[in-house]
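Please look at the sequence and the structure shown here, and follow the report one part at a time.

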Amino acid sequence: MDDLLLRRVRPGLGGELADVRVNDGRVTAITEPGAPGFAARVVDGHGGTLLPGLVDAHVHVVQWATSRRRIPLDAARSAGEAIELLLAHLLATPAPQSELVVGAGFRDGLWPDLPHKDLLQRALPGRAVALFSADLHTLWLSPAALKLIGRDHPTGVLLENDCMSATAQLPTAAIDVQDEWVAEAVAAAAARGVTQIVDYEYADTVADWTRRGAPAARISCVIARHLLDQTIERGHRTGDVLPDSGGLLTVGPFKLFVDGSLNTRTAYCHDPYPGGDSPGLLELPPAELVPLLDRAFAHGLIPAVHAIGDQANTIALDAFEEVDCPGRIEHAQLLSPADVPRFAELGVIAAVQPAHQPDDRDVADRHWHGRTSRAFPYRSLLESGARLEFGSDAPVAPLDPWDGIASAISRTDDDRPPWHPEQAISLPDALAASSGGRRGVSVGDVADLMVTAADPSGLSPADLRALPVTATILGGHVTHLV
């Protein structure tokens, strides 16, 4: 369908009522409401606000789609409570004894007790149990689950590389089932106004998305480190449109990890964590990072470097400066003051996840005590001229950009006062960071659009999180309509 007419919409924040015409995937006219005109399809916006479609710049799509079916453990305040939640769920929804029990979403950074394989064995003798932390950097396995993947481990609590390699060994649903789950998850994202997703799944995302067919959003297929040689052999470069995808699939950036995460206390910092002398885990030292960036960029791949701790961010920025290439730092949660202006100076995008800030405020107060004034420093980055791009890191946080937008402007997601409100940003800036930098709708724009039931201006954070999206348009095609 190449011809669409949006009746009775208000383009932009505070916009006036208008009709908007779309032809061949672009906005071609914005006219007075009710002007005569024919279109193959007419959508009534009912006076809603027309805005650019939303971009989730960091998603692990298969894990997000799968996590929607895992036992939720986010409410656990201890290892013991996590076991209780697990047992309560299995009592209400029994599963075959032979089936792998999978839970997700626990945050053990503030737990008074420690997860251990023996706790799972006592609670569910002989059952294979795999529990994923909210940040995906910790995997808690029972003895039977360890045996299932041919491993032994003293505690059953696997971190970082061990976690990720073990995750890849665990049994999963059949590919066709996973693809159905992914399609449902992307459709749910479209219902929240999402028109583009950057897929950071640790897999051959190019092959996976090519197999799945046309999605309900544009997909940028991130290249995992272990696929660098294969990607170069394929001749793929960041931004390339994949064939037979209708322009919806593109090659994404090249992903590397410098450190771990805050919750696991593996984010690599200049200062040690309380109670010890460890500053975290350096996954990729400069001597290895720089050649990887240089090789990737020489073959047209833009690097995306995971860095959470302040020293990890310094290392990443130093590497970008040495290689003299653009790129992205994913997360950038704790920054040294001297590093804030370097993002703009080096042309490095700060790809951040605002919903993590209220989720991590308590663990940051404990483990980054005295440094939290420079944690999640969104306003400082914007004022320095840096480009912000928002993502969810789903399933670490739900794939719903409105949650991130509300967190960025309020610095809280509950009844507690804002956490470091001096780093809050404005609604227009938050929307731009969630829309690939777009700040409104104009003639000539690509018709990746959404219509919200109300103007987001002036809404409370709670109302923003619940704001209904009445229509989503992808390249002129309606992907969601109420």
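## An aspartate and its contacts

In this predicted model, D400 touches R192 and R465, when residues up to four places away in sequence are not counted. D400 lies in the loop between strand 17 (388–390) and helix 14 (401–410). Is D400 buried or exposed? With a relative accessible area of 18%, D400 is buried, because buried means under 20% relative accessible area.

## The largest cavity

A search of the whole structure finds two cavities of 30 Å³ or more, and about 80 Å³ of space lies in the largest of them. The largest cavity is lined by 13 residues, of which G391, S392, D400, P401 and G404 lie nearest its centre. The elements that give two or more residues to this lining are strand 5 (54–59) and helix 14, and helix 14 supplies the largest share, namely four residues.

Sorted by class, the lining of the largest cavity has six nonpolar, four polar and three charged residues.

## The second largest cavity

In the second largest cavity there is about 40 Å³ of space, and its lining is made up of A203, D204, T205, V206, V222, I223, A224, L227, T231 and R234. Helix 7 (205–212), strand 12 (218–223) and helix 8 (228–234) are the elements that give two or more residues to this lining. By class, the lining of the second largest cavity has six nonpolar, two polar and two charged residues.

Helix 2 consists of 14 residues, 79–92.

Which residues of helix 2 are buried? They are A79, A82, I83, L86 and L90, and, seen down the axis of helix 2, the buried residues fall within an arc of 100°, so they line one face of the helix.

The buried residues of helix 2 have several packing partners, which are strand 6 (71–72), strand 7 (101–106), helix 3 (117–123), strand 8 (129–133) and strand 9 (138–141).

Key
Residues numbered from 1 in each chain as written. Predicted model: local features only at pLDDT ≥ 70, side-chain atom pairs only at ≥ 80, totals over all residues. Heavy atoms only, no water. Expected span 1.5 Å × (residues − 1). Buried < 20%, exposed > 50% of the residue type's maximum accessible area, 1.4 Å probe, protein only. Arc of directions from axis to C-beta. Contact = heavy atoms within 4.5 Å. 1 Å grid on protein atoms, 1.4 Å probe; cavity = no way out; pocket = protein on both sides within 12 Å on 5 of 7 lines; lining within 4 Å. Points joined across faces, edges and corners; volume = space filled by probe spheres on them. Nonpolar A, V, L, I, M, F, W, Y, C, P; charged D, E, K, R; others polar.
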